[in-house]
Amino acid sequence: MIVAIPVLVIVASLGQPFSDAWQHLFDTVLSDYISNSLLLMAGVGFGTLLLGVSAAWLTAMCDFPGRKILSWAFLLPMAMPAYIIAYTYTGILDFSGPIQSTLRVMFGWSYGDYYFPQIRSLGGAICMLSLVLYPYVYMLVRIAFLEQSIAVLEASRNLGKKPWETFFLVALPISRPAIVAGVSLVLMETLADYGTVAYFGVSAFTTGIFRTWYGLGELTTAAQLCAFLLLFVFALIMAERWSRQRLRFHHNSANKKLVRMQLKGWHAYIALLIGCLIVGLGFVIPASQLLMWASSRWQENLNSEFLSLLFNSFSLAAITAICCVIVATFLAYTKRVFNSRLELGAVGVASLGYAVPGTVIAVGVLIPVAWLDNKIDFLSRVWFDIPTGLLLSGTIGILVFAYVVRFLSVSLNTVESGLSAIKPSIDESARSLGARPAQVLKRVHLPILRSSLLTATLLVFVDVLKELPTTLILRPFNFNTLAVRTYELASDERLVDAALPALAIVAIGLLPVLLITKSILNERASHE
Amino acid sequence: MRRRSVPLSVPLNAGFGAVFVILAFLATPTLSYGGELNIYSARQESLIKPLLDRFTALTGTKVNLVTGKGDALLTRLKSEGLNSPADVLLTTDAGRLYRAQKAGVLQVFSSQELNKAIPAHLRSSEGEWYGLSVRARVIVYAKERVDPTELSTYEALSGSSWKGRVCIRSSNNIYNQSLVASMIASQGLEKTEAWLQNFVPNFARPPAGGDRDQIKAVAAGQCDVAIVNSYYLGGMITSDDKRQQEAASKVSLFWPNQKGRGTHINVSGVGITHSAKNLVSAKQLLAFLATDESQQWYGEKNNEFPVRATVGASKTLNAWGPFIADQLNVSELGRYNAEAIMAMDRAGWK
């Protein structure tokens, strides 16, 4: 419930009077905000679905040269913050960038003589976000494919269904909880994105929230806009839950060895090509651009202060990831055991934080915490004559709390989708053998959930590494992270200097990606 | 199954084992900051920290810093109330200073010394805040395609001869908001709206990117003129990046409105918070920031103009020649900010 407070603070703003600013928004820009955000969601949703599911299918179900490398390489773009990839691609593809400049010199063209897609546009934003967000879908769906009952797939093949039919008629429907979990994470992150859309000049809902707050000075109206955004997301989630209310997606144990489809000849080449294209666009190209920038200036930027940035970012991300996964497992499990309306509601509200722009979450945390601090201080002065000052505000603890609020749904969705694949009959057999719920969790569920838990840890870890706005506003004095440093330099349009901390984010993000995927990949092998 | 359970317990045990370390990590910042000086700064670290280090070296007062966006810091300051640890608020535009003043988080500090050093239109009339550096919003034009005699004022860029030739960033940007606010202050909302209606259709492309991107677009031929902050051009001229230097060399700077009210300017500035517990040090810092030495560094570091008339601008800036700046008190920019945004929304300036 505590985790839900910041979200409730935002929703509570609806209780305040609506100011004149609303009239202005209605008359001018609101329809633009809404339509752009919806288009963005549709585009990114489709893009990540296409990239994520095909990547998962290729690496989980097929075999071709390069599959093993690709199966972890597909995760690489996840470590790339969306606004960083936006900056780098703009550097490359913009009118004044190297590609267009070379074209102009080669063919003697000037402005207006030729067509070149405008990178800074809604379409550009969709591409950028899809390229870095598809790994969410990929990870979850891949696990689902791997954990799917082989028997079902084999039955389908034995019944003479072609691979494509098996894919669309069997594998995809069975993986629905995982696909939904992945895509809804992507959509929430898309709605909360500010850096990319702001840089591309796309007036989406988030830019509207900040314009209303910063520009018009209307914090209440901005919070109300945000509350409507939350209601919309909540409605979407509920609609999806309702539509699959009757369906159950459990499967039998997956202990049988999966026989991957062997791709031969040009099939294998196409698979490899698709894989390389996705990883190349999402990671290799932007990372090499960053590397080029960073290499020109690394002596100046690599100093002892940089090491403290590394330490801060890493420890924050690790602590938050562990906290998030513990809270998520607790919530998902309570929900499974008690299944009461109140619990469902609380869990639903708590997981909305991901759709809220970080700065707004920060304000939602800041206001009640500062209020509590000031109350404690007041009471302590009255009763004991001791001023306590602000006990909680401005500590790293509050920062971690805000991260948990914001990223809980990442871990929750992952754990839930893993948990939903375990048949209730397993719980029942364990319980009937005399095990208490906690024992069932510890001895039965946690071992089965291992890859889901590790995935959840990884997702939160990488998200915290990239997180910027919450860190900016809530951090204590003299406390910097890699993302803060990257942002400060990039916002000053000093991309060359920003490249080193950006690369460091990517590098630290890769560490757990490699470790965890290795252990998840070995999952199958351990059964053989 | 057995195989699976082993690796899981490792991270969990390690997690519990690290609890003490983590608690220590989480609690560090709650240590008292008494006797030091605490600053919330919207000016980014690299553009202020060296100066604060210098202050520490001179006075022995340790300085603690949080940087962030102006309005976010202001919200933090407001909700922390009188218990806020912050002694000083630094922002990068007059609009935020005005908003902080209106929110009642700044206290009056009237100092003869500062009043003498800083011209009256670059500080609040009561002494809640003081400007520290000046940035001008100028016109940059392509040397090859634009004859500077074509240029005169911001207003003239709404003329039909400029159709499809103007680059400017989004109206989300505070400096564009301030520019329009200054027009509302000087000639009223009606005239400004009329100007916007003609100016926006002259854009060469939908607004996107930062000020440097607009300059690059002029250099590359996508548009002929751009409206940008002076320090971005300065930054490109002094950049180590050859491409930026090359782009900067293809454009020239024009000081608009020299025959009228002067070129639009904004300030970065500073104020002492109501919650300040280290008042003496805070006052010392403000005085320090207005000294010749600080002003010199503060201006040069970011290619800005010092507020102190006795301090010369950097070589790069001097190369652009002298200019007449708008004498409007910069708090007016804050006063008309919301009106400016609404007008830009109505004109369809993205």
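In which loop of chain B is B:Asn303 found? B:Asn303 sits in the loop between helix 12 (292–301) and strand 10 (305–306) of chain B. Helices (H or I, at least four residues) and strands (E, at least two) are DSSP runs, numbered from the N terminus.

This is a predicted model, in which local features need pLDDT of at least 70, side-chain atom pairs count only at pLDDT 80 or more, and totals for chains, interfaces and linings use all residues. Residues are numbered from 1 along each chain as its sequence is written, and chains are lettered from A and ligands numbered from 1 in the order in which they are written.

**Positive phi**

Most residues other than glycine have a negative phi. A:Asn478 has a positive one. A:Asn478 lies in the loop between helix 21 (469–474) and helix 22 (482–491) of chain A. B:Asn303 also has a positive phi.

| Residue | Phi | C-beta neighbours inside 10 Å | Class |
|---|---|---|---|
| A:Asn478 | near 55 degrees | 16 | partly exposed |
| B:Asn303 | about 55 degrees | 22 | buried |

Buried means 20 or more other C-beta atoms within 10 Å of the residue's own, exposed means 12 or fewer, and partly exposed is in between; C-beta atoms are placed from the backbone.

**Domains of chain B**

An automatic or database assignment sets the domain bounds. Domain 1 of chain B covers 32–134 + 266–314, and domain 2 covers 135–264 + 330–347. Their centres, taken over C-alpha atoms, are 28 Å apart. In all, 17 residues of domain 1 of chain B are in contact (C-beta atoms, placed from the backbone, within 7 Å) with 15 residues of domain 2 of chain B. Helix 5 of chain B gives the largest share of the domain 1 side, five residues.

Definitions and conventions:
Contact = placed C-beta atoms within 7 Å.
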